[in-house]
Amino acid sequence: MISIKVPCSTSNLGPGFDTLGLALDRYLHLSAEEAEQLRITVEGNGREHIATDATNLVHQAMVITAQKLGKPLPALHLHLKNGIPAYGGLGGSGAAIAGGVFLANEVLEGGLSKDDMLDVAVGIEGHPDNVSAALFGGLTINCFDAQRKVHCTSVRIGTALSVVACSPHFQVQTKEARKILPQQVPLKDAVTNIENAASLVAAMMNGNYEALRYVTAERLHEQYRATLIPGYADVKNAALEAGALSFNISGAGPTVFAFATADQQRIADAMVTAFRKNGQAATAEVMAVENTGAQLVTSR
Ligand code: HSE
């Protein structure tokens, strides 16, 4: 049996739309062993929504990876154990895709590097932020070259920084949350994102977490997506009043998150209470940055 684990992630981090990812310490565990025919079993978060036939996202990513390697994928028993909060916005599908690519490479002894795996995973997900964090861990900064090949820089982040993630109990489809975004933006909005994204990366690399108080502003997506999250403004105020350094939508939402170096549980409770006052049940978790990315747990 081969088993691996893949971290979840928050993406965008405010100003880094489709560019920045940050791996967090909740995991999708996957195992594979040869079987007579495809069998997929699932436990953990959101298991009732995870397909157990050939349309399963992990399996699909494995099939695509096998095709890229030019090797047939044997019939397998795949077991998924999901420790990633499943309401959306914490890179669950990115972890499934990155995990499928990583696992297929192990099963088929494909010899792919993580950079090769990223290419395959981005081909499936369409954008690199979550899949890069799932593969490499840490803070990932992604850029496409003129041939649309993605290049990822992964930076280790210190243990002083926490992410308080709060998921209201409803789903927002990423497709819908992308459809509502404008295709063109004013120059001053683009500049706001450039200055914040660059300053955010510098602050994270220098361990200057106090700067997170002013480097996560953004104008490309949150003002539109906030309309899909009832209570967004109240939850933001509550988190900041409780001591958060920042407040943003995680990925495409509806999970929101705060960076913090203190008062983590207070911030978590404040966000849940503010959602509840707006008629939304919510769950908050205090997470740490995960600096390893997808890894083998047991091999054969
Ligand atoms: N960067 C993506 C978005 C993350 O904001 O739509 C969600 O997959």
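Asn12 belongs to the loop that connects strand E1 (2–11) to strand E2 (20–34); strands (E, at least two residues) and helices (H or I, at least four) are DSSP runs numbered from the N terminus. The model is predicted, so local features need pLDDT of at least 70 and side-chain atom pairs pLDDT 80 or more, while totals for chains, interfaces and linings use all residues. Residues are numbered from 1 along each chain as its sequence is written, and side-chain values use heavy atoms, with hydrogens and water left out.

Although Asn12 is not a glycine, its phi is positive, about 75°. Most residues other than glycine have a negative phi, and most peptide bonds are trans. A cis peptide bond, with omega about 5°, joins Gly253 and Pro254. Pro254 is in the loop between strand E8 (248–249) and strand E9 (256–260).

Asn12 is also one of the residues around the ligand, together with Ser11, Phe17, Asp18, His127, Asp129, Asn130, Thr174, Arg178, Arg225, Gly251 and Ala252; a residue counts as near if one of its heavy atoms lies within 4 Å of the molecule. By class, this shell has two nonpolar, six polar and four charged residues, with Asp, Glu, Lys and Arg counted as charged, Ala, Val, Leu, Ile, Met, Phe, Trp, Tyr, Cys and Pro as nonpolar, and the others, Gly among them, as polar. Domain 1 (2–156 + 289–298) and domain 2 (162–287) each give at least three residues to the shell, the bounds coming from an automatic or database domain assignment.

Polar contacts are pairs of N or O atoms within 3.5 Å. The side chain of Asp18 has an N or O atom 2.5 Å from a ligand nitrogen. A polar side-chain atom of Arg225 is 2.7 Å from a ligand oxygen.

Notes
A polar contact is a pair of N or O atoms within 3.5 Å; within protein, one must be able to donate a hydrogen and the other to accept it, and residues adjacent in sequence count only if both atoms are side-chain atoms.
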